[in-house]
Amino acid sequence: MLGSRIVSGGSAQIARSREIARTAADGAADVLHPLITISRGLRRLAGTARRRWADTPTERRGPALFLAAGSLLLIALIPYGPLLALVSVMGAAAWQGRELTAAPSGPDPAESRRLQALYEALVPYFSAAEDPAPLFRHGGEWSAAFSECAFDADGRLTRLRVNYPAYFTDGEPQARTRIEQLLHAKSGRGCEHLFTWEEEANEMLMTALPALPATISAQRFVTVPGETVLGFTDPDAVQRTVPVTDAEGATRDAPPVVWRTGARSTEPHLLAVGTPGSGTSTLLRSIALQALQHGDVLIIEGGGTGEYACLTGRKGVLAVECGLAGALAGLEWAAHETERRLIAANRSRQTGHPTPEDVRRPLWILLDRPSVLGHLAAAEGRTDPQQLLSVPLRHGRAAQVTVAVAEQFDGLESLAEAVRTHTRARVVLGPVSCEEATSVLGVPPHTTPVPAVPPGRGYARLGAAPVVRLQVPSTPDPYDDATAESHRRAVLALLPEREDHGAPDPVREDHGAPDPVREDHGVPDPVREDVGATEPVRDAVKADG
């Protein structure tokens, strides 16, 4: 009994002694905290000084010592110099010795639940019954499979690194596609995701790409002859930038998708395919405005909507044809012109003379919606205009003739074999599926397509190069009433002068729209003498009847 009281009394005394010691230690820590902070800061400053002295080259240590000695002498001579130096050193030590609060790391509970749900969704694809220690299993922890993750302010995944087992068939496109579609659906369909597979490390990195800016309008781009800016893409997709001016008037550098044409180009012709309202006509207008700086342009519009009326009669615009008769005449002249250029260039090379100037001047043939003209030609029993493109497509590179064709997906099957074969530069615009983009580009896009995109947004592939995202510069029809005033002025500023030497632009003062229709029945005149067509085109039209 006595022993138990002694033991209990001793335990209580020991507990009180520990409490007193802990209280004294906390009090001493509070009292000595400034001294501890300054000591830690002095130690860090001394370590920094030692590292800088070790990094200083030997030939520069003497001047550094002389400068330090001169500074100390100056401090000692000025009034209150040593005191001010001491206060400064103590202040710097206190700042360097402060305890930094570690930022909270790791996802919050809501983000952890999302990662766990994503982990459970991947279990059927990354697990096997024969695996004795599966990385993905029902009820497992996501932290072992996801080595890196990041979320935006709305709680959506912006970056995720997935470690998958070695037996997963990452070399099969179908297996990759299933994983990419699942991650895209679970991570949010509002943005495009880029998937980077590292087969050697058995890792896959998913990155949410920001939307491409749609604020760049038509303007003069910094390019050389033979280069055409199709649009703009991600900064890491190309190795070049050009200065541009956005809608707010600010100048910045943007990464362009540059299409190179000419005799040394490997993809001298282009095919653009899109959905209605996706911006294929905008792309052709942008190409026309850039091509008119150094060459001539022949425009064939199959839709008959007057999208290119602003170019009618401009300097360098050979013709803007909307009807079947004018299109056939213009393309027939283009075929003969290509042959003439080839003959002239061959004769110049044989005689040792330089190529004539009219042969070296680029000729552009822009054909919008050829399927519509093909249907009209079939109904009238006439030649399909696409057949007349065979010569410019096959021999245009040597003759400085470039062809750009724009078509919609509903008319893709009616494209001629020559157009499909010789248009190695491809563009897909609009909200398209992966299968539709693959049918045009030849390979699937590197990002997951989204269901809603602004006009001019899509993908581009030049020859055998990788697929890149594309945003076409805003180049609307300036004569359209729905065009914004800033975009209207930007396009009008790029239009060449008229052939009649400075005649006023037929733009009404109320809405700035022209009257491109005739007064008889409101039908656009496909062939007119004042459209700026060259004599061969006019003669061919008259001969066609």
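The model is predicted, with local features requiring a pLDDT of at least 70 and side-chain atom pairs counted only at pLDDT 80 or more, whereas totals for chains, interfaces and linings use all residues. Residues are numbered from 1 along each chain as its sequence is written, and side-chain values use heavy atoms, with hydrogens and water left out.

The protein contains 14 helices and 16 strands; helices (H or I, at least four residues) and strands (E, at least two) are DSSP runs, numbered from the N terminus. Of its 545 residues, 42% count as buried. Here buried means under 20% relative accessible area, exposed means over 50%, and partly exposed lies in between (1.4 Å probe, protein chains only). Among the contacts with a separation of 6 or more, 64% are between residues 24 or more positions apart, a contact being heavy atoms within 4.5 Å. The protein exposes about 29400 Å², of which carbon and sulfur atoms supply 56%. Accessible areas come from the Shrake-Rupley method with a 1.4 Å probe, and for residues only the protein chains shown count as cover.

Strand 13 spans residues 401–408, and because eight of its eight residues are buried, strand 13 is largely enclosed by the rest of the structure. Val401, Val403, Val405 and Glu407 point one way from the strand, while Thr402, Ala404, Ala406 and Gln408 point the other way; all are buried. Strand 13 pairs with strand 9 (residues 270–274) in the parallel sense over five bridges, where two strands are taken to pair if DSSP finds at least two bridges between them. In this pairing Leu270 has Ala404 of strand 13 as its bridge partner. Strand 12 (residues 363–368) also runs parallel to strand 13, and six bridges join the two. Leu363 has Val401 as its bridge partner in strand 13.

Helix 9 (residues 370–380) contains the buried residues Pro370, Ser371, Leu373, Gly374 and Ala377. They cover an arc of only 155° around the axis, so they lie on the same side of helix 9; the arc is that of the directions from the helix axis to the C-beta atoms. His375 and Ala379, on the other side of helix 9, are exposed. The buried residues of helix 9 pack against strand 10 (296–301), helix 7 (324–351), strand 12 and strand 13. Gly381 follows helix 9 and has a positive phi, near 70°.

Tyr80 is placed in the loop between helix 2 (58–77) and helix 3 (81–96), and is exposed, at a relative accessible area of 64%. Another loop residue, Thr169, lies between strand 2 (157–163) and helix 5 (173–187). Thr169 is partly exposed, at 36% relative accessible area. The C-alpha atoms of Thr169 and Tyr125 are separated by 10.0 Å, the two residues being 44 residues apart along the chain.

A salt bridge is defined as a side-chain nitrogen of Lys or Arg within 4 Å of a carboxyl oxygen of Asp or Glu, and the count by this rule is 20. One of these joins Arg159 to Glu148, with the closest N and O atoms 2.6 Å apart. This pair links distant parts of the chain, as Arg159 is in strand 2 and Glu148 in strand 1 (residues 146–151), 11 residues apart. Arg159 is partly exposed at 27% relative accessibility, and Glu148 is partly exposed at 28%.

A salt bridge also connects the side chains of Arg240 and Glu227 (3.0 Å, N to O). Arg240 is in the loop between strand 5 (227–232) and strand 6 (242–245), and Glu227 is in strand 5, 13 residues apart. Arg240 is partly exposed, at 27%, whereas Glu227 is buried, at 15%.

In the salt bridge between Arg488 and Glu485, the closest N and O atoms are 3.3 Å apart. Both residues lie in helix 13 (residues 485–494), three residues apart, or about one turn of the helix. Arg488 is buried, at 6% relative accessible area, and Glu485 is partly exposed, at 40%. Elsewhere, salt bridges that share partners join Glu148, Arg159, Arg161, Glu198 and Glu203 into one network.
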